[in-house]
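Morning, everyone. Let me put the model up, and then I'll walk you through it.

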Amino acid sequence: MLHSIISKIDQKHHFETASAHCDIPCGIYDPHLAQLSALTVIRMLDLMADLEKGHTVVDTAFRNSMIRYVAVKEEHAEQCKKEIRVIFGDYIKKDHIEKFPELPELTHKIFQAASKCRQAAARENGLELLALVNRFAEIFWATKGIETKKAVAPYKPSEEVVYPVL
Amino acid sequence: MSLSPAYLHGDYVLIQKIGQLNRLRKGDVVVFQLPGYGRLIKQISTIDLEMADCRVKGTAPDSIGSDSFGAVPLTAILGKVILHIPKK
């Protein structure tokens with residue numbers, strides 16, 4: 001009751017705010033780690049598929065390699081979600097969302113796509129994740145007034161990535 | 001939120017300026033201005049009257065405080081919380 005009354009006064013008079021920061025507000029935000037994570041997920045999916053093709057026997061060496069690829073895929077799918085969460089939660093402000101209304105849904109789609117990459121081994125899932133993260137990167141740089149370009153990353157899995165034109 | 005669960009995002013606080021009749025004590029929740037960090041709200045863990053500063057902390061395990069940014073000069077303190085109106 002009291003909170004809602006004060007909230008209405010706040011909307012009109014804009015009280016000053018104080019932050020109880022958990023993070024050091026360094027102001028350094030960049031979606032490239034999310035993009036690298038998405039590329040890593042695709043690379044692991046490729047290595048998993050190659051291993052499957054090249055091995056006729058499920059032996060210790062096979063299991064060892066497969067487990068390592070899956071572990072890295074898991075880690076980077078989560079890393080991707082974490083990087084996007086930090087940018088969306090800490091950097092993106094109301095006016096960014098007003099300018100790019102697709103942002104909340106796009107962020108949610110990235111989380112879902114990353115989880116899908118953990119659950120399954122289909123390459124399309126990784127490509128979907130990268131496409132969504134690339135779009136997020138385009139919007140992120142646009143909020144800073146920085147143009148972007150698309151180029152194929154000069155390393156495997158050789159997929160197209162959005163880069164800022166600095 | 002470093003003062004969670006007592007203080008959460010969206011809560012309102014009323015602060016009173018520090019004076020002779022309103023001295024700071026350990027455990028007070030204070031609002032202060034810190035260069036590079038902005039306006040912060042934390043809890044006082046120790047006060048050093050000789051050095052005219054205090055050390056502050058959050059109450060959540062992952063929060064930052066004086067261990068990260070050092071002691072806070074008493075002159076940087078805008079006031080201490082005398083009324084807390086939680087959102088929920």
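Let's begin with chain B, whose elements run β-β-β-β-α-β-β from the N terminus on. That makes 1 helix and 6 strands, where helices (H or I, at least four residues) and strands (E, at least two) are DSSP runs numbered from the N terminus.

Quick housekeeping before I go on. This is a predicted model, so local features need pLDDT of at least 70 and side-chain atom pairs count only at pLDDT 80 or more, while totals for chains, interfaces and linings use all residues. Residues are numbered from 1 along each chain as its sequence is written, chains are lettered from A and ligands numbered from 1 in the order in which they are written, and side-chain values use heavy atoms, with hydrogens and water left out.

Back to chain B, then. Of its 88 residues, 41% are buried; buried means under 20% relative accessible area, exposed over 50%, and partly exposed in between, with a 1.4 Å probe and protein chains only. Chain B exposes about 5,300 Å², and carbon and sulfur atoms supply 55% of that. Those areas come from the Shrake-Rupley method with a 1.4 Å probe, and for residues only the protein chains shown count as cover. If you take the contacts in chain B between residues at least 6 apart in sequence, 52% of them join residues at least 24 apart. Contact here is heavy atoms within 4.5 Å.

Now for the salt bridges, meaning a side-chain nitrogen of Lys or Arg within 4 Å of a carboxyl oxygen of Asp or Glu. How many are there over all chains? The count comes to 12. In chain B, have a look at B:D28 and B:K80, whose closest N and O atoms are 3.2 Å apart. B:D28 sits in the loop between β1 (12-16) and β2 (29-34) and B:K80 in strand β6 (residues 77-85), so this pair ties together parts of chain B that are 52 residues apart in sequence. Both B:D28 and B:K80 are buried.

Over in chain A, A:E74 bridges to A:R118 at 2.8 Å between the closest N and O atoms. This pair also links distant parts of the chain: A:E74 is in helix α3 (residues 60-91), A:R118 is in helix α5 (residues 103-119), and they are 44 residues apart. Both count as partly exposed, A:E74 at 23% relative accessibility and A:R118 at 34%. And there's a network: bridges with shared partners join A:E74, A:E78, A:K81 and A:R118.

Beyond its neighbours within four places in sequence, A:K73 contacts several residues, including A:V41, A:M48 and A:R118.

On to the cores. A nonpolar core is a set of buried Ala, Val, Leu, Ile, Met, Phe, Trp, Tyr and Cys residues joined through side-chain atoms within 4.5 Å. The largest has 35 residues, and A:I110, A:L129, A:V133 and A:F136 have the most contacts inside it. In chain A, α2 (32-54), α3, α5, α6 and β2 (160-164) each supply at least two residues of this core, and α6(A) gives the most, with 9. A second, separate core of 13 residues includes B:L34, B:C54, B:V56 and B:F69.

Most residues other than glycine have a negative phi, and most peptide bonds are trans. In chain A, a cis peptide bond joins A:K156 and A:P157, with omega about 15°. A:P157 lies in the loop between β1 (148-152) and β2 of chain A, and A:S158 lies in the loop between β1 and β2 too. A:S158 has a positive phi of about 55° although it is not a glycine. In chain B, the phi of B:A52 is near 55°; B:A52 is in the loop between β3 (38-48) and β4 (53-57).
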